[in-house]
Amino acid sequence: NNNNNNNNNNNNNTLILSNFKNLPNEAIKKLEEAGILMYLHTCAGGAIWGLIESVRAQMTINKIIGHVCKTALITSLVPIFFVGFCVTKYTTARNKKNTTIELWKLNFFSALSLYPWIYILPIIERTVPFWLGGHIVGFSLFFTHLWWTDADIFKSDAKLSAIDEFRIKRAKAIKQAQEKRKLHEQLQLQSQSQSQ
């Protein structure tokens, strides 16, 4: 009985460890789906570009740190505002419009709401001159990450469907193997209890 309990504990520990090994991949996938990983990459790109340009301009260490932090922050906040907030709000509002007049009004006022940015963007540019370059570096980092991790965005629909079918078949096979293992363990327990 002690051997069986030890085997069961070892199997449970192996199952728990295998779940923890998948945890970073699952967490990264969730971050990708939420778009947070994109913002983290743009933030990192801003920091890298701010550092490169500050060192190239031979600034003091305090100014370098200031430029790195400001560039990282602005490089991620501008896309969060425009892509994360404005585009989401526009898409939500557009989906609720039914007539051509409503769409014209929405598009007119959406375009009009961008007018203040004629004045805001030059202030950002004077305060954080490296943010646009950081934005480009950040998106390059993000798309390199997507390419390196073989993200779904680069796959055709046919390939994605085949992957889904494979995952379903694999999950069924794993479940059947686990059921067979449990049945085998139960049979072993029964045969050991009968022999005693």
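Let's start with a pair of side chains: Arg 56 and Glu 53 meet in a salt bridge, with 2.9 Å from N to O. Keep in mind as you look that this is a predicted model.

Where do the two partners sit? Both belong to helix α2, and because they are three residues apart there, about one helical turn separates Arg 56 from Glu 53. Their surroundings are worth a look too. Arg 56 has a relative accessible area of 63%, so it is exposed. Glu 53, on the other hand, comes in at 11% relative accessibility and therefore counts as buried.

Now follow α2 as a whole. This helix covers residues 36-56, and it packs with helix α6, residues 131-148, at an angle of about 130 degrees, the axes lying 7 Å apart. An angle like that makes α2 oblique to α6. As for handedness, the crossing of α2 past α6 is right-handed.

Who does the touching? On the α2 side, you can pick out Leu 37, Met 38, His 41, Thr 42, Ala 44, Gly 45, Gly 46, Ile 48 and Trp 49. Facing them from α6 are Gly 133, Gly 134, His 135, Val 137, Gly 138, Phe 139, Leu 141, Phe 142 and His 145.

Technical notes:
Residues are numbered from 1 along each chain as its sequence is written. This is a predicted model: local features need pLDDT of at least 70, side-chain atom pairs count only at pLDDT 80 or more; totals for chains, interfaces and linings use all residues. Side-chain values use heavy atoms; hydrogens and water are left out. Axes are lines fitted to C-alpha atoms, for helices over the stretch in contact, and angles run from 0 to 180 degrees between N-to-C directions. Helices (H or I, at least four residues) and strands (E, at least two) are DSSP runs, numbered from the N terminus. Angles under 35 degrees count as roughly parallel, over 145 as roughly antiparallel, 65 to 115 as roughly perpendicular and the rest as oblique. A crossing is left-handed if the near helix is turned anticlockwise from the far one by less than a right angle, and right-handed if clockwise. Contact means heavy atoms within 4.5 Å. A salt bridge is a side-chain nitrogen of Lys or Arg within 4 Å of a carboxyl oxygen of Asp or Glu. Buried means under 20% relative accessible area, exposed over 50%, partly exposed in between (1.4 Å probe, protein chains only).
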